[in-house]
Amino acid sequence: MPAIFRAIARTPVAAHKSFHADVKILALCLFVLPPVMLTLMISAHAVSVAVRSSLQAIFGSVHFFGGHDALIVAVSTIILFLAYEIGYFVDHYLKHRVEFLWELHKVHHTAEVLTPLTNYRNHPLDNVIFGYMLSTFIGGASGVLAWLFDRETQIIAIDGKNVIFIVFLWTIGHLQHSQFWIPVRGAWGRVIMSPAHHQIHHSDDPRHFNRNMGSVLALWDWMFGTLEIPSAENPRLSYGVKEEGEDAHSWFGILATPVVGAASALWRALVSVKNSFSSAGNSVTDIVSD
């Protein structure tokens with residue numbers, strides 16, 4: 001982390017209000033994230049135990065790959081990595097499609113310059129929703145694996161994190177939020193989410209809205225029609241969500257405005273659902289009366 005700060009400090013990015021907001025949110029995360037992550041770890045374990053118990057009660061115990069410990073750990077590592085990837089994509093897709101979730105997630109997209117610290121630029125409630133989504137997918141997959149192998153799920157990990165994700169993070173993942181245009185094209189561009197893929201995701205060009213929503217893998221975007229393959233040449237994208245009268249980089253814009261927007265959007269959605277049910281009820285009444 002100190003090396004990242006030193007590298008950024010030598011660029012004009014360091015003087016931008018957007019970068020200063022990233023630093024403020026990072027400081028907030030240092031206090032907020034540890035207890036949240038502990039709660040989410042407990043939640044993922046609870047989901048895993050519930051899924052394993054339910055499967056055992058319905059189908060009984062099974063023993064796949066008995067005695068092949070290395071194979072079990074390797075398979076578990078791959079499956080839980082895919083569970084993370086699918087959970088990430090579903091969470092991200094919903095936050096770009098559901099208005100009240102977008103109001104919270106939008107904090108991440110108000111960044112006008114991208115640095116590795118932008119990865120932490122998330123509203124605390126956005127982080128909580130993301131965490132519970134991952135707890136559901138990873139906990140569910142872990143429970144299935146524990147039932148299949150009749151043992152606690154183990155993976156190949158570095159510092160408690162899936163080795164596949166860590167390898168990606170150490171190579172090109174940390175450059176997804178950066179000024180470096182590093183595209184992966186061709187067949188691999190449909191598999192790997194390169195830094196350029198994710199920079200397109202942050203673009204303020206309407207053609208790029210709701211594109212490239214995966215984390216490590218581009219497969220899900222390819223499957224669901226949201227993939228945008230980056231060009232070989234740097235298109236010099238600009239970033240940010242700009243709204244009149246809003247200072248998205250202030251403490252109020254970071255923490256309060258998104259909650260007000262999310263609450264307003266959720267209220268409108270609930271009223272719309274209520275009106276739909278009322279209209280449906282009136283239609284049924286008219287038919288019966290006729």
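**A pocket and a bent helix**

So, let's start at the second largest pocket, where α9 gives the most to the lining, with four residues. This is a predicted model, so local features need pLDDT of at least 70 and side-chain atom pairs pLDDT 80 or more, while totals for chains, interfaces and linings use all residues. Residues are numbered from 1 along each chain as its sequence is written, and side-chain values use heavy atoms, without hydrogens or water.

A pocket here is an open set of points on a 1 Å grid over the protein atoms alone, where a 1.4 Å probe fits, with protein on both sides within 12 Å along at least five of seven lines; lining residues have an atom within 4 Å of a point.

Back to our pocket. Its lining has 16 residues, and T110, V241, E243, E246 and A248 lie nearest the centre. α4 (99-109) and α9 (251-289) each supply at least two of the lining residues. What about the classes? The lining has seven charged, five polar and four nonpolar residues (Asp, Glu, Lys and Arg are charged; Ala, Val, Leu, Ile, Met, Phe, Trp, Tyr, Cys and Pro nonpolar; the others, with Gly, polar).

Zooming out, the protein chain has nine helices and two strands (DSSP runs: H or I, at least four residues, and E, at least two). Along the sequence you read α-α-α-α-α-β-β-α-α-α-α. The C-alpha trace spans about 70 × 60 × 40 Å along its principal axes.

Now look at α2, residues 17-59. Where does α2 bend? At V32, by about 45°, and a proline, P34, follows within four residues (the bend is the angle between axes fitted to the seven residues ending there and the seven starting there). After α2 comes G60, with a positive phi near 80°.

α2 also meets α5, residues 124-149: their axes come within 7 Å and cross at roughly 30° (lines fitted to C-alpha atoms over the stretch in contact, angles 0 to 180 degrees between N-to-C directions). The two helices are therefore roughly parallel, a label for angles under 35 degrees. Their contact has 16 nonpolar, twelve polar and one charged residues.

Technical notes: Angles under 35 degrees count as roughly parallel, over 145 as roughly antiparallel, 65 to 115 as roughly perpendicular and the rest as oblique.
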